[in-house]
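Hi,

Here is the structure I promised to pass on to you. Have a look at it first, and then read on for my notes.

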Amino acid sequence: MSGAVLILGARSDIARACAHRYARDGFGVMLAARGAADLEPDAQDLRLRHRVAVSCHDFDVLDTAGFAGFLDSLPALPDVVICAVGAMGDQAQSQRDPAAAAQVLRANFEGPALILGLLAERFEAAGRGVIVGISSVAGDRGRASNYVYGAAKAGFTAFLSGLRNRLARGPVRVITVKPGFVATRMTEGLPLNPRLTAQPAEVAEAIRAADLRGRDVIYVRRIWRLVMAIIRALPEFLFKKTRL
Amino acid sequence: MKQSGWGRYPRIEGRLSAPRDQAALEALLAEGPLIARGMGRAYGDSACGAHAVDMRHFNRMIAFDADTGQLVAEAGVTLGEIIEAFLPQGWFPAVTPGTKFVSLGGAIAADVHGKNHHSEGSFGTFVDWIEVMGPDGRVSHCQPGDDLFGWTLGGMGLSGVILRAAIRLRRVETGWIRQTMIPAPNLDAALDAFATSQSATYSVAWIDCVAKGASMGRSLVMLGEHAGLADLRGRSASQPLPPRHRGPSVPFDLPGFVLNPWTVRGFNALYYWLGARKAGGGLVDWDAYFYPLDAVGDWNRIYGRKGFLQFQCVVPLESHAEGLRTILGAISDSGAASFLAVLKRFGAQDSRLSFPMEGYTLALDFPINRRSLALMPQLDRITADHGGRFYLAKDSRMSAETLRQTDPRWQDFARMRRETGLSARFASAQSERLGL
């Protein structure tokens, strides 16, 4: 089992866990994030633990014009891409300041969708490839507490769904991941219910399993499928009065 | 937030932070005294306090030299991770305690020992250098011979925060151990077995602390050597470097009464009988040999909600037989039952604060209850009377007075801490209790 995995947004906890999980199965790893020089300690750790080739690449999800050049600069076309880019932003600030809201929409929807769209083209031409988009349960229904982020993730989820539909008859696969709560830098200090909260390594394991088993859409902890089914099923006249 | 060690006793209210980089750690240090915490496998309150700092985000491996076996890694890397990465390349930790779920920083701070202490020394013997963040946030590099190195090895995190270290691994041909089991029907026989097996690389004994009279101290002494490729047969030959076991976990706290003197007595009799039947040699894989308890996740829950404590002392060679006999006698008179009891011969140790000394160490687990808590001061006294001392990584309840009597080295350490400003920056619940 080998190949190469490209990790977009490689600094996040989920991304790091995914890099280790794929490296453990012998995958070479391309780590991509802003300020790639800082990724070198992570790269070295991956090399020492798993004896695989690891490279670091500068990647800015807001620089859509640079995407094609970024892909051309990679040592090879990866076999798997995992997009772990994202930024929750601050809902209150997003409400007041359109520039801040635009930043959240671009970082969670526009950038991830466009880079994966470009990769899908290249995967299709190569006749292989697995696209993993880390979206969010926040995209399943817009809530007052984070609907700008949620709207961007809803867009990303819809994009992945359409891409999967388009590519379904070919060899390229698309996996949508909605992790629910995860104990990461993004959620540090939030009072999360431990039964609903996955560890980054659990997310990585679920992604690898979904890849191996050919799954399409996964929630990491099974309970989230139920929680979100209930939230989606609430009639709007009730839902609009909830505080979730 | 409630903090506790592996024994889940005592539970201490305190702040818990988890910095992600050196700058964040430095900022925390400026806020007041703290204690670094790794995997939380010290039994008592060594890594608990008003402000415990979880170091597990510092978990990167930095460099490995395949000629010398030297690994450089951050303090949060565990021995289990080191084995997972390097056993497939033919390397194994030179010294390992009874669990692989310890961090590198914790192993250094407690200067842990393993089954090869009598032949190869403690963990610190194989540490080439350490980087420590001091009270002012500055990072110092220290190596054997330096003051800071001496205070950090076995210093329970009280000389600063261990950030990185270089350790030497051992070359192994396989992940198997050639084990020899010697049943010893009583304490004298067990001590004889240790005395005649000084040349074995590994030696340890499981000891039955409930057996009385002529069987008092009956033990299974287990010797071990790393197996070479030529030693392997059958299953082991097809898998010379076996991966770790993945076992079940204890899903909830067992009721406190499960481990009582009767169940322990029954278990011990059965265990001894089964062990005696297996007397002689055999091949055991590394995970079963070094880490039998790791096979059951969260095994500390078998003691119930109240938790348990471990008593570990060392009695010097001059007085060991009488000392051990008196301790075992006191335990069996008290009616308290120790479920897990381990006896081991130590070699000589030359370091500033480390626990081992030439003699015999006895480690005993007791569920938290009135009877065992009443027994502890009695065992402290017997140990002190025989010139022994205690292992702080296991301690959760000793008095400052007992420590002062048995181990004057810590008084020098406490004085040095006051003079250099360390005591204002690094403190644990244990250091406060023991007046360090």
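**The sheet in chain B**

In chain B, three strands make up an open sheet with the order 3-5-4, and their pairing is parallel. Strand 3 (15-17) and strand 4 (35-37) of chain B sit at the edges, each pairing on one side only. From one strand to the next, the twist averages 30°. Three bridges link strand 3 of chain B to strand 5 (residues 51-54) of chain B in the parallel sense. If you want a pair to click on, S17(B) has V53(B) in strand 5 of chain B as its bridge partner. Please keep in mind throughout that this is a predicted model.

**Two helix pairs**

Let me start with chain B. Helix 10 (residues 320-334) and helix 11 (residues 370-385) of chain B pack with their axes 10 Å apart, at an angle of about 160°. Angles over 145 degrees count as roughly antiparallel, so helix 10 of chain B is roughly antiparallel to helix 11 of chain B. Their crossing is right-handed. On the helix 10 side of chain B, the residues that meet helix 11 are G323(B), T326(B), I327(B), A330(B), I331(B) and S334(B). Helix 11 of chain B brings R371(B), L375(B), Q378(B), L379(B) and I382(B) to that contact. Sorted by class, the contact between these two helices has six nonpolar, four polar and one charged residues.

The axes of helix 1 (residues 13-24) and helix 2 (residues 40-50) of chain A come within 10 Å and cross at roughly 25°. With that angle, helix 1 of chain A is roughly parallel to helix 2 of chain A. Here too the crossing of helix 1 of chain A past helix 2 of chain A is right-handed. Helix 1 of chain A contributes R16(A), A19(A), H20(A), A23(A) and R24(A), while D42(A), L46(A) and H50(A) come from helix 2 of chain A. These contact residues divide into three nonpolar, two polar and three charged.

**Where the chains meet**

Seven residues of chain A are in contact with six residues of chain B. The side of chain A that touches chain B has two nonpolar, one polar and four charged residues.

**Some loop residues to check**

Y9(B) and P10(B) are joined by a cis peptide bond, with omega at about -10°. P10(B) belongs to the loop between strand 1 (2-3) and strand 2 (12-13) of chain B.

R51(A), which is not a glycine, has a phi near 50°; you will find R51(A) in the loop between helix 2 and strand 3 (54-58) of chain A. D111(B), also not a glycine, has a positive phi of about 35°, and its place is in the loop between helix 3 (104-109) and helix 4 (117-120) of chain B.

Which of these is buried, and which exposed? R51(A) is exposed, because 12 other C-beta atoms lie within 10 Å. D111(B) is buried, because 27 other C-beta atoms lie within 10 Å.

V77(B) counts as buried because it has 27 C-beta neighbours inside 10 Å. Leaving out residues up to four places away in sequence, V77(B) touches N59(B), M61(B), I82(B), S103(B) and L104(B).

Best wishes

Technical notes:
Residues numbered from 1 in each chain as written. Chains lettered and ligands numbered in written order. Predicted model: local features only at pLDDT ≥ 70, side-chain atom pairs only at ≥ 80, totals over all residues. Contact = placed C-beta atoms within 7 Å. Nonpolar A, V, L, I, M, F, W, Y, C, P; charged D, E, K, R; others polar. Axes fitted to C-alpha atoms, helices over the stretch in contact; angles between N-to-C directions. Helix = DSSP H or I, 4+ residues; strand = E, 2+ residues; numbered from the N terminus. Parallel < 35°, antiparallel > 145°, perpendicular 65-115°, else oblique. Left-handed = near helix turned anticlockwise from the far one by under 90°. Pairing = 2+ DSSP bridges. Buried ≥ 20, exposed ≤ 12 C-beta atoms within 10 Å, placed from the backbone.
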